[in-house]
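Let's take a walk through a structure together. Have a look at it first, and then read on.

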Amino acid sequence: MSLAEITLHEAREKLRRREFSAQELTEAVFRRISETEEKLHSYITLSRDTALREAKQADELLRTDTSPHSLLGIPIAVKDNFLTRGIRTTCASKFLENFIPPYDSTTIKKLRAGCAVIIGKTNLDEFAMGSSGENSAFFVTRNPWATDRVPGGSSGGSAAAVAADQCIVGLGTDTGGSIRQPAAFCGVVGLKPTYGRVSRYGIIAFASSMDQVGPITKDVRDCALMLEVIAGYDPADSTSANLPAPQYSASLTGDVKGLRIGIPKEYFVSGIQPAVQQAVREAVRQLERNGATIIDISLPHTEFAVAVYYIVATAEASSNLARYDGMRYGHRASAKDLTETYTSSRAEGFGPEVKRRIMLGTYALSAGYYDAYYLKAQKVRTLIKKDFDEALKCCDAIIAPTAPTTAFKIGEKTQDPLQMYLSDIYTISVNLAGLPALSLPCGFDSEGLPIGMQIIGRHFDESTVLAIAYAYEQSMDWGKRKPDL
Amino acid sequence: MRYETVIGLEVHAQLLTVSKIFCGCSTKFGQAPNENTCPICTGFPGVLPVLNKTVVEFAIRAGLATHCEIARSSRLARKNYFYPDLPKGYQISQYELPICTNGYIDIAVNEIVKRIRLTRIHTEEDAGKNIHDLRSDVSLVDLNRAGIPLLEIVSEPDIRSAEEAGIYLRTLRSILQYLDICDGNMEEGSFRCDANVSVRPEGTTALGTKVELKNLNSFKAVEKAIEFEIRRHVETLSDGGNLVQETRLWDPDREETRSMRTKEFAHDYRYFPDPDLLPVVIYDEWIDEIRATLPELPGSRRARLMSQYDLPAYDAELLTSRKDIADYFESALKIHRNPKAIANWIIGDLFRLLKERKLDEKLYITDWPVQPDNLSAMIALIDQDKISGKIAKKVFDAMSESGRSPQEIIADKGLEQVSDSESIEKSINQVLAAFPKQVSDFRAGNRKIFGFLVGQIMKATQGKANPQKANEILKRKLAEEN
């Protein structure tokens, strides 16, 4: 077994007991990357030199310092939309191909304060816009379980890297399912915390009212530990919640007795792959056997979620991406005047999906259409939120499939944006409502592709979500399977 | 046909906060280009705005002073457009839910009070500056100003003439200065104005086609540009022509406006609530707290100057028209309490001097050539008969040149008034001896000659003779030898 297969919580123990050094662990991860990266293409940028230096510092601290640095010596893969001071941050866009940030995002600051080892920056759909990873301006990351399939998106690089042991833990962002769906496709654990739980400062904005940072990990305990590090109020993010972040790992008791779990009927309808439906239903029965109470619930406005999302998210994106104008950083086309500098820089710098969403969003906000699109979408968003509020009065959490299918083939949906958008049908509502949700493996289909199950909780109640996930994980062993690379 | 003018003004006032509206950068004026910038105000990827609480407080102050309703919940919104001085590609402003609405300002037009209603006051961030004339090959961008907080103050179309527009602007500026939230400097751009102007046949109520006037960098520019537009509108309409809704720029050199863009090219700003910022929630307690600390405003200060110092309305109006002038007046009073004399000197000689030296738009007492303590000390010397009013003018001019105290100037130039009877009498005797014809004319009944003789005495004493004493002695002398 490669040292790189280890989990965060195991590595933490063993590093402390000096069974191996942080440098050995980091070397093992880079060895694994060099063995597998040609097949997977998870990373856009590897920061080997700084990583080894950080590992060396970690080893010194392990020798001398007894204070518990949360991530001391842990190799971490970071999605390439987190600003990392001094490390190129591209957001998988030609526009930012050579952009080296002048500052660290709040989450990266916390990783550094925890003495983590940053391995590199992982691939994503350009500006986190996509559900397959295929919208990266540079290359397509492969699913470790079947390299002719997508890893999911947009955090496909981090999910693939975690699944293939190219890191110990990964970081992603989730605006409409971008952590959970790739976690499901790659057979790992991914958590989107409550909107406001983790600072957004220093992640490249896609849709500000939904973007949220979260961990992608090999098991649920790692997920809880990572959340303990990254959660918390940040005065630099006005939308971050001024609430204490609990010790999430303390909620991992394995006990779900008495917990009420809601099953929304709208999430088990035609279009869902039978194997996915079966696996999730079976997982629910397992939790029932463990003592949870299962309740049928309804989220009646579910069918509008995709439409609402693609108005709100694109409207915000059209404005958020206006700063990429070729003036101060990033790509600047050679042009004869100001207007051409704008149009050419953006035409050359952005890929087709980004342009499509900027146009959609610009249209939705335009004079004469604002009320019919943006304003209406916001109203329906409120109804979707209310659906969840109502449902979560009579249950402690909701379980649903993470995605309607397992990982699809590369190129299968690229010609049909609408089909592509529908692969987020189960994750999007959660972002519209701002709730926490976690995806974890709950089986495999006949082709050996992992299936993900989603546990949705109340606002700021990640603890219950993690508790249920942990209990299920303890009773099954899906997560222990490794892809054959 | 006679036309009525309809004017609404939009004022942008830079707020005197220490830091910018959404980041910690300094607002200090005159720094090296792009010195006051950070990733936030230069629109780097990933940055987020955090609202400066003082900006909200200043907006509430302005709202309370202008009788506005203060919204308990308001929102910041994005105004989207591309321009190199706008780093994010949008300006964070307010749209549907501004902080203040439905206020008014009373202005005095020819001694008649007129109420100008305010539609709204909202907060927003300023843009940077594009600089085109420094290099021939490229334009440069200075983002020091980007993110400086502004209040946008929008009036209802209640203004009826260029003159009223000027009075409204001066009154508004004075209020903001009294509130200590804006320095009101039009030249440096910390107090800017756009004017919406239209005309309509007298007696009708429908609004005519309006133009928006920009580049109004002084009170004079505002007034002249509006006058120019009114003339242009009336002439066009009288000739049977049509006006187009457009934005026009004032050219101060050619004293005319010219079209900048017409309605077809108007921006669609695609306003929407900024998802990076929470609604601004204002509690009653905070409003009460701010209300309790509001300073004395121009209206009440005018009334106080009238009652406390027994000043006529005209003087009080002029003295309180700007906070710095009223402050100047009251600080002069601390040295020597002669309110009417101080008021006269300020309104007369000081204003004349400021105008001559083109300092009447300078806003700080320290920029003025004669400081209040010196003016006051000089007036005290007059009241103590140490100098005459005539000599005082010389002393005043000398103070304005050198900034020295009146005592120093008087000592230096030997200007102290001569009050001892003996030396005055000596000079009078000389004058009487030198002008025998005039003396006999006076004695023959030509009383007007008296003034001539006084003038000769003052001339002989280089103006230093105490005029009262000289009068007395001269009268006595002329009577004596009759």
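What follows goes from whole chains down to single residues.

## Before we start

This is a predicted model, so treat it as one: local features need pLDDT of at least 70, side-chain atom pairs count only at pLDDT 80 or more, and totals for chains, interfaces and linings use all residues. Residues are numbered from 1 along each chain as its sequence is written, while chains are lettered from A and ligands numbered from 1 in the order in which they are written.

## Chain A, the overall picture

Chain A has 15 helices and 11 strands. Here helices (H or I, at least four residues) and strands (E, at least two) are DSSP runs, numbered from the N terminus. Along the principal axes, the C-alpha atoms of chain A fill a box of roughly 65 × 55 × 45 Å. The radius of gyration is taken over C-alpha atoms, and the globule rule is 2.2 Å times the number of residues to the power 0.38. For 485 residues a compact globule would come out near 23 Å, and chain A has 21 Å, which agrees.

How much of chain A is buried? Buried residues make up 59% of its 485 residues. A residue is buried if 20 or more other C-beta atoms lie within 10 Å of its own, exposed if 12 or fewer, and partly exposed in between, with C-beta atoms placed from the backbone. Two residues are in contact if their C-beta atoms, placed from the backbone, lie within 7 Å. Of the contacts in chain A between residues at least 6 apart in sequence, 76% join residues at least 24 apart.

## Chain B, the overall picture

Chain B comes with 15 helices and 16 strands. Its radius of gyration is 29 Å, well over the 23 Å that the globule rule gives for 482 residues, so chain B is more spread out than a compact globule. The C-alpha trace of chain B spans about 95 × 55 × 55 Å along its principal axes, and 40% of its 482 residues count as buried.

Chain B is divided into domain 1 (3–289), domain 2 (296–406) and domain 3 (421–480); such bounds come from an automatic or database domain assignment. The C-alpha centres of domain 1 and domain 3 of chain B lie 64 Å apart.

## Where the chains meet, and what's inside

How many residues of chain B are in contact with chain A? There are 25, and they are in contact with 32 residues of chain A. The side of chain B that touches chain A divides into 15 nonpolar, five polar and five charged residues. In this count Ala, Val, Leu, Ile, Met, Phe, Trp, Tyr, Cys and Pro are nonpolar, Asp, Glu, Lys and Arg are charged, and the others, Gly among them, are polar.

Now for the cores: a nonpolar core is a set of buried Ala, Val, Leu, Ile, Met, Phe, Trp, Tyr and Cys residues joined through C-beta atoms within 7 Å. The largest one has 225 residues, and those with the most contacts inside it are Ile76(A), Leu466(A), Ile468(A) and Ala195(B). Apart from it lies another core of 33 residues, among them Ala326(B) and Met378(B).

## A helix to check

Helix H1 of chain B has 13 residues (53–65). The expected span is 1.5 Å times one less than the number of residues. Buried residues in H1(B) include Val55(B), Phe58(B) and Ile60(B).

Most residues other than glycine have a negative phi, and most peptide bonds are trans. Just after H1(B), His67(B) takes a positive phi of about 60 degrees. Phe460(A) has a positive phi of about 65 degrees, and sits in the loop between strand S11 (450–457) and helix H15 (462–475) of chain A. Phi of Asp180(B) is near 65 degrees. Is Asp180(B) buried or exposed? Asp180(B) is exposed, with 12 other C-beta atoms within 10 Å.

The peptide bond from Gly153(A) to Ser154(A) is cis, with omega near 10 degrees. Ser154(A) lies in the loop between strand S3 (117–122) and helix H5 (156–163) of chain A.
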